Amino acid sequence: MEPAAFYHGGSRRLQEAFGTRELAGHLARKYVTDALEDDHVRWISGADAVFVATVSPDGQPDCSYKGGLPGFVRVVDQRTLEIPSYDGNGMYRTLGNAAASGRVGLLFLFPELPAKLRVNGTSAVSRDAGGHQGAEAVLRIRVEQVFENCPRYLHDPATGTHSAHCPRPEYTPPAPAWKQKPEYDTLLPR
């Protein structure tokens, strides 16, 4: 994806200030897509949770955890996802925001994988559960941006061990493996 389509002025100004504009441009062009790849489909199809970010019509952000049995997020195709909405507290902040603004951001974490997957897109809300067992509505997302994030700060969910990359007193975290790849030699800030 071209950087101009992925980053806004605020992101670009900070990239300039921190010396990462070329790196950010490379990442957008090489790793941001407009459709799920086969690995992403497999990961999401086995996921039992997703974090859903929305924005209200007056610009107030909201982030919600949605959970279910593995596969509760349905991959309709590589550009379409469905998230069932189960009985909850009746506030309907996620669905209300999604219906009003039509924009949504998803974050998937996979306990068995050292990976974070982000999906951004447009949304629609349907009161027709469409075969999602126990759902009262469905959030349908049209995928526009998909990208994996560096997983170095993920903690080990099985052991509770904190990431070795987390800064702490009297400790120098190791460099992430991805920064050692030759493709980044001229892109990393010095």
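Strand 1 (residues 49-55) and strand 2 (residues 61-67) run antiparallel to each other and are joined by seven bridges. Before we start: this is a predicted model, in which local features need pLDDT of at least 70, side-chain atom pairs count only at pLDDT 80 or more, and totals for chains, interfaces and linings use all residues. Residues are numbered from 1 along each chain as its sequence is written, and side-chain values use heavy atoms, with hydrogens and water left out.

**Exercise 1.** Find the pairing partners of strand 7 among strand 4 and strand 6.

*Solution.* Take strand 4 to begin with: its pairing with strand 7 is antiparallel, over seven bridges, and S85 faces A137. Now turn to strand 6, which also pairs with strand 7 in the antiparallel sense, over 11 bridges. Here S123 has I141 as its bridge partner.

**Exercise 2.** Describe the largest nonpolar core.

*Solution.* A nonpolar core is a set of buried Ala, Val, Leu, Ile, Met, Phe, Trp, Tyr and Cys residues joined through side-chain atoms within 4.5 Å. Buried means under 20% relative accessible area, exposed over 50%, and partly exposed in between (1.4 Å probe, protein chains only). The largest core has 25 residues, and L81, I83, L106, F108 and V119 have the most contacts inside it. Among the elements giving two or more residues are helix 4 (38-46), helix 5 (93-101) and strand 6 (116-126). Strand 7 supplies the largest share, five residues. A second, separate core of six residues includes F6, Y7, A28 and V32.

**Exercise 3.** Is H26 buried or exposed, and which residues does H26 contact?

*Solution.* Locate H26 in helix 3 (residues 21-31). Its relative accessible area is 16%, so H26 is buried. Then list its contacts (heavy atoms within 4.5 Å). Leaving aside neighbours within four places in sequence, these are Y31, E183, Y184 and L187.

Note on methods: Two strands pair if DSSP finds at least two bridges between them. Helices (H or I, at least four residues) and strands (E, at least two) are DSSP runs, numbered from the N terminus.
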